2 protein chains.
Amino acid sequence: MTEQPHRIDTVRPLRANTVTQWDFAADVVVAGYGIAGVCAAIEAARAGAKVLILERTGGWGGAAALAGGFVYLGGGTPLQQALGFDDTPENMAAFLTAALGPGVDEAKIQDYCAGSVEHYNWLVECGVPFKESFWGEPGWEPPHDEGLMYSGGENSAPFLDIAKPAPRGHVPQLADKKIGERSGGYMLMKPLADTVASLDIDVEYDTRIRRLVVDDDDRVVGLLATTYGKPVTVRAARGVVLATGSFAYDTEMIDRYTPRLSGRPGAAIEEHDGIGIRLAQALGAELAHMDASEVAIFGDPQMMARGVLVNGRGQRYVPEDTYPGRIGQATLLQNDNKAFLVIDEPSLEEALATESATPFFRFPPTWVAESVAELETEMGLPEQTLQTTIATYNKHAENGSDPLLGKKAEWVRPISAPLAGFDLRGFTAGFTLGGLRTDLDSRVLHVSGEPIAGLYAAGRCTSGLCAYGYVSGASLGDGSFYGRRAGKAAAAAGTE
Amino acid sequence: MTEQPHRIDTVRPLRANTVTQWDFAADVVVAGYGIAGVCAAIEAARAGAKVLILERTGGWGGAAALAGGFVYLGGGTPLQQALGFDDTPENMAAFLTAALGPGVDEAKIQDYCAGSVEHYNWLVECGVPFKESFWGEPGWEPPHDEGLMYSGGENSAPFLDIAKPAPRGHVPQLADKKIGERSGGYMLMKPLADTVASLDIDVEYDTRIRRLVVDDDDRVVGLLATTYGKPVTVRAARGVVLATGSFAYDTEMIDRYTPRLSGRPGAAIEEHDGIGIRLAQALGAELAHMDASEVAIFGDPQMMARGVLVNGRGQRYVPEDTYPGRIGQATLLQNDNKAFLVIDEPSLEEALATESATPFFRFPPTWVAESVAELETEMGLPEQTLQTTIATYNKHAENGSDPLLGKKAEWVRPISAPLAGFDLRGFTAGFTLGGLRTDLDSRVLHVSGEPIAGLYAAGRCTSGLCAYGYVSGASLGDGSFYGRRAGKAAAAAGTE
């Protein structure tokens, strides 16, 4: 099989001996200028490496700059301490092991929790601002510029009995935040991009990676990319860092690995086409948890906490006051993507009187009914299904308890007529969590268990910290944390 | 990186130019003497290739010879016709698309259904006996030597409204079958192994594959294996067929790909260590549906159909009269591996009076109670959970209907005291369905989408026909069907 050296329509590696000229060269080449890439570039440059970032779009940011901005940090960060929350790395690890499982990379969880305070300080030193203010209400994000929030169900069943609850969703502060304008993720990326600009780091925009270049020993020594369709060769003397994001927008990969997410990508960008994963797979890279996904549900957490969520059979299935991403996963993956929210008039009014960072999740009820029986019929549920669910809920709510699912007493109250019903069937979207398997130095692992020489990865093209559960801030968290590791390790690779 | 040529502790491919001597040589080398391997060997030999089978254990059979023996076939097989069941390839494809989804390989479903009658005839010509007898009762397998049975919920909700129900579980007949002795799977493998013996096919037992051997163009040209620990090189002039089974017994792969199955392998053999998958991954092979799994539940189908199954919240979640493998999946994957069976005394007695091929699933009730309230308490369920579930079930059962889940009228009857309760929490086991992505000629596909030259695969080391659902007979079905294709394609590869 003779190969055209510069084909760009395959993900097979290109042999270095077919490259006659290098268009660009650096010690460390970072593919992707989102959260993982920016952190890798900073650390590689600070370690003395000449760094080049290749970015497919016309500017920095990636999905991170559009995200809410949660960075999942804990173990006693200065922000946690200032706001009066006790936490330890062990406590954080106990929570994450339970919340992100089953199948978590335990070494990575321990490592991440142990390094979390240092990582917080590093972000602050880079200029990322966190306001000493806590938002304690149910929600997807804080509605103002609060810096800290529960973002994974830490204080809800079943986790509040597994680890001492502590909020760990750290959100960069926007000056003069206006809803709908720039996000917390922008204020995470902006100071980091400014840090890159302050260092001797080159960036090539509008440059899309196509193939890895390997030498005769299968060590990664560069990339073939295209700039406005024109192939360019990029030499990486010490290493390549893949930071190209998830595969949420690659329909073939979705069909092969996580078809339940098919047609509903969310919180991802079109550039998330899995290219980093596929290039590494072509070198024999191991994968992990390719079916795992973050799942958002387009319901208002303030309403959900005060109401009752039932599945397509009229049965409750998740404590309504937990992290809404957990509700999303339970709905899509365990309940056929069918959810109805039932809430009575006083609770609905109370919920609507609260502030929300996601007011677009507040829409009129699908049904208004004078009785549960009427609502049951409107929802198309068999007789005595919703009615018995609500009756049982109400019976225990009289005592302020929820023995079925453990919703906290503060949100438990009997539901009375008139009622509103929200049809949330199909109201989910998400992004992929599976990807390359990496070690604690962000080296991409071969299926043999050994690292692939010259190849590093971080962010959502890796499985990272996540297995099957999710917490908001895990992606910007492990992307930034292991992005830094990738940059350091790649920079050191040439100097061993 | 200089490599020791004959290391056996890595799955990285071995370069052919480091092999100084070939200990064995054939045109087509088949790794694994289970259902996929035996069919590949027969077809390759019949196509004129010199064939060598490498088998890790001391004899033929693999998991197949220990299996119940269902081969999922339809579209109007002679056995279906003789027993009065109408079926067409289109009808079969409609069912399989729904039952095995989401994410099925539609081309493979169409192909398999179109070729199903021919495949049945081929098995019969090889000597596989199917008795013209139908077993119509709920069960995991027929209790006697019946040749045909529903084996995927074809005649249960929701499938009975999606495609015209037809039984497609074809079971080879055992002469003088005694329960606990040889299985239908043995009588599938025995005539096929006899067919191998009648052809000029070599078999090396106690030979375990370790690495693929590739030439300078990355074409697979052989294998490195070990015989009693001693490395042997095996030349494959036309191709290698991987038929090494699932990864159900590789705990690291389970953790990475389908951790919910961790600790509960079932219907698999210890040799199912994923070696075929890993060797191909090292060459850049694409995977599919690695998290998918068959899940058995150790409950008696005759009891389940007559009772009510509830999850750990006391809620019904699956029509109790469906294929028990579907109950197993719903229990493990959607209901936290928690199931209770509730059945009243007359129904239990009736169930126990029926014959079963799995009498070891009949054990005494965990609880006996004089009322649903008492059983609810015994089960540790919150008050009014099981009680309302049974009351609602009974209300509709008075009319012979089950609007919640669509259990067929023949199994719907009100449940009265006294009651028996069976604790089926954690009572599941299963095997993995994910694996290599192959085309209709069983060529192993590279992540680039192109076939890997010289490499073929079939059986449970491939994703095959299956995505997320399962039907009994799918594995022996696609293993035998695409095993044949692999043998044919490999034999033809040297003669293109």
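Welcome to this predicted model. Between domain 1 of chain A and domain 2 of chain A, 9 residue pairs are in polar contact, both partners having pLDDT 80 or more. Strand β13 of chain A, residues 293-297, gives the most to the side of domain 1 that touches domain 2, with 4 residues. As for salt bridges across this interface of chain A, the rule finds 0.

Domain 1 of chain A brings 31 residues to the contact, and domain 2 of chain A brings 26 residues.

The size of an interface is often given as the accessible area lost when the parts come together.

| Item | Value |
|---|---|
| Area buried between domain 1 and domain 2 of chain A | about 2200 Å² |
| Part of that area given by carbon and sulfur atoms | 59% |
| Part of the area that domain 1 of chain A buries against domain 2 supplied by P138(A), W140(A) and V295(A) | 30% |

Now to the nonpolar core. The largest one has 76 residues, and those with the most contacts inside it are L242, L436 and L455 of chain A together with L242, L436 and L455 of chain B. Take L436(B) as an example: leaving aside residues up to four places away in sequence, L436(B) touches residues including L242(B), I277(B), V444(B) and C461(B).

Definitions and conventions
Residues numbered from 1 in each chain as written. Chains lettered and ligands numbered in written order. Predicted model: local features only at pLDDT ≥ 70, side-chain atom pairs only at ≥ 80, totals over all residues. Heavy atoms only, no water. Core = buried A, V, L, I, M, F, W, Y, C linked by side-chain atoms within 4.5 Å. Buried < 20%, exposed > 50% of the residue type's maximum accessible area, 1.4 Å probe, protein only. Contact = heavy atoms within 4.5 Å. Buried area = accessible area lost by both parts, 1.4 Å probe. Salt bridge = Lys/Arg side-chain N within 4 Å of Asp/Glu carboxyl O. Polar contact = N/O pair within 3.5 Å; in protein donor to acceptor, adjacent residues only side chain to side chain. Helix = DSSP H or I, 4+ residues; strand = E, 2+ residues; numbered from the N terminus.
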